[in-house]
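Thank you all for coming.

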Amino acid sequence: AGRPARLVFAAACGPGPQALFARMDCSREQDQPDDAQQKMKVSVSQVLAAIQSLYDDEVKPVGRVILQRLREHAAEAAGLDQADVDSAPQVDARRVRAICEHSRRLHLVPDACREYAAYIVDMPGRFVDVLSTADPYPPELWHALDVYFQWCFAHGFAFPAGRYKSAKLLVARQLPFLRGRSLGQVCHIIHLAVAQRRLLGYLNRGLVPFRFSEDFHRILGALQGPCVVDTTMRAATAEEARAGVWTLLQLSPAGAIELSELKDKFRETYKLDLNE
């Protein structure tokens, strides 16, 4: 009780609403990339190094984060900037999971249906619970974070919607008010800023000050009338929402999608609004 809803949608087990797939034009074959065979093949040592680095950052080593860290390491080895990590090849998710399952140095634990966590054997980890409602951070930090995001927004600097990616950018900028904070702590700070303190919100696949976010305008719309919210997209029906989300999860390599990215992916794919 009191624990916030988990910000990840995991693919449900069992058959999905196939009858709606054709109607929504979202077949698996159409959406899969042609260069799937070019996915990056990683070694056991590379996977171990990625997981060890997550231990150092106090970030729980779940499958989708391990894949992201492997891409970061590949981008770094290629001399790419952190902002260019998404240009690195996708990692072969099945191979990574197989390595985690069969390596004697790793212990794999199921986590959220199709997701998993991989821990280093005989190495206790100190991971930050990024979904915790506890707020141990001083008021000065929250004020500085608010001021910083207001300044970034005013100057056109965008942050990605994903909690982990935004935290990586903040840590890389070596901001004084985050000095000494681990990446796991910064992920938790961003979660609290969105879910509890409402300092931040989401707009156009980005993280922005709350008063510029979609949620803020929805609240205004509820208080002042529907004319405040300007949208050209029809809201998806319950059936369309269920079918669309199920399909997006099946097409996701990790079988999970950050909630902060789900609405934008849904709109981009189906040209429908995923509205509460």
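When I speak of a contact, I mean heavy atoms within 4.5 Å. With that in place, among the contacts in the protein with a separation of 6 or more, 65% are between residues 24 or more positions apart. Please keep in mind that this is a predicted model, in which local features need pLDDT of at least 70 and side-chain atom pairs count only at pLDDT 80 or more, while totals for chains, interfaces and linings use all residues. Residues are numbered from 1 along each chain as its sequence is written, and side-chain values use heavy atoms, with hydrogens and water left out.

The protein has 11 helices and seven strands, taken as DSSP runs numbered from the N terminus (H or I of at least four residues for helices, E of at least two for strands). Of its 276 residues, 46% are buried, where buried means under 20% relative accessible area, exposed over 50%, and partly exposed in between, with a 1.4 Å probe and protein chains only.

Let me turn to the cores, a nonpolar core being a set of buried Ala, Val, Leu, Ile, Met, Phe, Trp, Tyr and Cys residues joined through side-chain atoms within 4.5 Å. The largest has 54 residues, and those touching the most other members are Val47, Ile51, Val96, Cys100, Trp142 and Leu170. Helix 8 (residues 183-195) gives the most to this core, namely eight residues. Because domain 1 (44-120) and domain 2 (139-224) both contribute residues, this core lies between them; the domain bounds come from an automatic or database assignment. A second, separate core has 11 residues, including Val245, Leu248, Ile257 and Leu272.

Arg69, in helix 4 (residues 63-77), is also buried, with a relative accessible area of 3%. Beyond its neighbours within four places in sequence, Arg69 is in contact with several residues, among them Asp57, Tyr164 and Lys168.

Finally, the aromatic rings: rings of Phe, Tyr and Trp (its six-membered ring) pair if their centres lie within 6.5 Å, with planes under 30 degrees apart counted as stacked, over 60 as edge-to-face and the rest as tilted. The whole structure holds nine such pairs. Tyr148 and Phe149 pair edge-to-face, at 6.3 Å centre to centre and 90° between the planes, whereas Phe149 and Phe159 are tilted, at 4.6 Å and 35°. Since Phe149 lies in helix 6 (residues 139-154) and Phe159 in strand 4 (residues 159-160), the latter pair ties together parts 10 residues apart in sequence.
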